[in-house]
Amino acid sequence: MKLWYPYKQMKNTEPLPLMQSGQGTKMHLADGRTLIDGISSWWAVIHGYNHPVINEALIRQINSFSHVMLGGITHNPAMALAEKLCEITPAGLNHVFFSDSGSVGVEVALKMALQYWKNEGFTGKHKIISLKNGYHGDTFKAMEVSDDSDFSNAFADVLNRGFFLDTPAGGFNAAPATVQQDADKLEELLRNHSSEIACFILEPVVQCAGGFRIYSPLYLKAARELCDKYNVLLIFDEVATGFGRTGKMFAAEHAGISPDIMIIGKAMTAGYIGHAATLSNTRVFNGFLGDGYSKALMHGPTFMGNPLACTVALTSISVIEQENYLSKIKRIEAIIREQFADINSPAITEKRIVGAIGAIEVQHEDMMAGFKAFAMDKGVWLRPIGKVVYLMPAYIISEEELLKVISVIKEWISKIR
């Protein structure tokens with residue numbers, strides 16, 4: 001086989017489904033089957049496939065120019081997107097650095113945090129706090145701040161890991177006393193090691209690829225206060241949670257706070273083209289100002305600020321705003337909650353729901369063996385992560401389509417013995 005696929009053992013791999021076209025939430029395969037995409041192609045295709053408004057905007061930009069480097073020259077789509085992102089993200093994130101994927105965006109954020117302290121004259125602040133069960137990407141620094149898992153086990157002996165804290169307990173509506181216990185663990189770590197800690201990176205509210213664990217926004221508030229108290233930068237990885245997925249435009253809004261640095265990607269370009277952005281506040285940005293390269297951020301992906309990607313992102317944001325997508329997401333959440341309430345089985349350990357995310361964890365991973373093929377036979381595209389079956393559909397999904405997706409999950413779980 002010539003094509004090497006991601007996250008897959010390639011020895012004796014089976015033939016994969018061949019997609020020929022897509023429209024809305026529908027994936028049309030070469031064998032004649034049509035599937036409802038229940039996971040929006042790794043959570044990016046928020047407007048569905050083949051959106052006419054985005055298509056038209058992309059064609060207009062192609063007919064102008066498809067790419068120019070940002071090194072030594074600029075262009076309107078990149079400047080306009082930077083302006084728009086500063087407008088819609090949490091207050092104070094006033095500076096935008098583009099890259100070409102979420103993993104690279106995380107690398108940029110961590111480089112910013114580490115170099116910031118060096119530029120400010122602090123020595124030894126080079127360690128990073130992150131959460132257990134977190135996932136931040138597959139590049140090396142991103143793996144170092146992600147929990148041990150199949151994503152990074154092959155490199156465990158060469159990763160320079162920092163500090164890891166337990167995922168905050170109690171879920172989205174955790175009692176303040178429960179949140180305080182986890183905040184106390186964070187403060188103890190900061191009290192003892194803040195002189196060597198540069199930053200705390202976490203996925204706000206939902207840890208997606210790490211098992212869709214949901215925790216309280218109150219923890220984010222506590223983290224903001226403690227990072228300020230102990231002079232540590234706070235980084236939010238919103239690659240998966242941004243652009244409405246949790247019911248707010250950005251998950252940070254659940255807590256009403258702003259991080260020092262934030263990474264966004266995936267849904268930013270609606271699944272059309274890879275692109276990401278790392279935003280910082282002015283404090284961090286000013287730490288890189290100087291008379292020469294020694295203080296500059298020496299990073300520059302070739303395709304950062306690609307005009308096609310920037311045009312798609314601007315158009316996608318416009319559609320979100322004009323068509324009031326947050327109300328669509330609220331309706332999706334209500335349906336998931338209503339339907340999940342009827343799914344009961346001794347196999348279930350927990351149901352987790354927030355925004356347009358629904359996840360059900362079962363007791364053992366082998367309970368999900370065969371589920372993907374089962375779902376396809378029922379006309380639905382779903383891929384569990386370990387022992388968690390989840391849905392993260394496009395925001396345009398109809399109620400009928402959403403009910404069908406959930407019905408497949410219901411039927412499977414009812415068969416688990």
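Predicted model: local features only at pLDDT ≥ 70, side-chain atom pairs only at ≥ 80, totals over all residues.
Reader: Is Lys-266 buried, partly exposed or exposed?

Author: Residues are numbered from 1 along each chain as its sequence is written, and side-chain values use heavy atoms, leaving out hydrogens and water. Buried means under 20% relative accessible area and exposed over 50%, with partly exposed in between (1.4 Å probe, protein chains only). Because its relative accessibility is 28%, Lys-266 counts as partly exposed.

Reader: Thanks! Which backbone oxygen lies 3.4 Å from a polar atom of the Lys-266 side chain?

Author: Contact here means heavy atoms within 4.5 Å. Not counting residues up to four places away in sequence, Lys-266 touches several residues, including Trp-43, Val-239 and His-275. The backbone oxygen at 3.4 Å from a polar atom of its side chain belongs to Trp-42.

Reader: What does UniProt annotate at Lys-266?

Author: UniProt positions follow the numbering used here, feature names are shortened, and annotations may be inferred rather than shown by experiment. The entry is unreviewed, and its annotation covering Lys-266 reads "modified residue: N6-(pyridoxal phosphate)lysine".

Reader: UniProt also lists Pro-301 under "binding site"; is Pro-301 buried or exposed?

Author: That listing, from an unreviewed entry, also includes Thr-302. Thr-302 has a relative accessible area of 53%, so it is exposed. Pro-301, in contrast, has 13%, and therefore Pro-301 is buried.

Technical notes
Polar contact = N/O pair within 3.5 Å; in protein donor to acceptor, adjacent residues only side chain to side chain.
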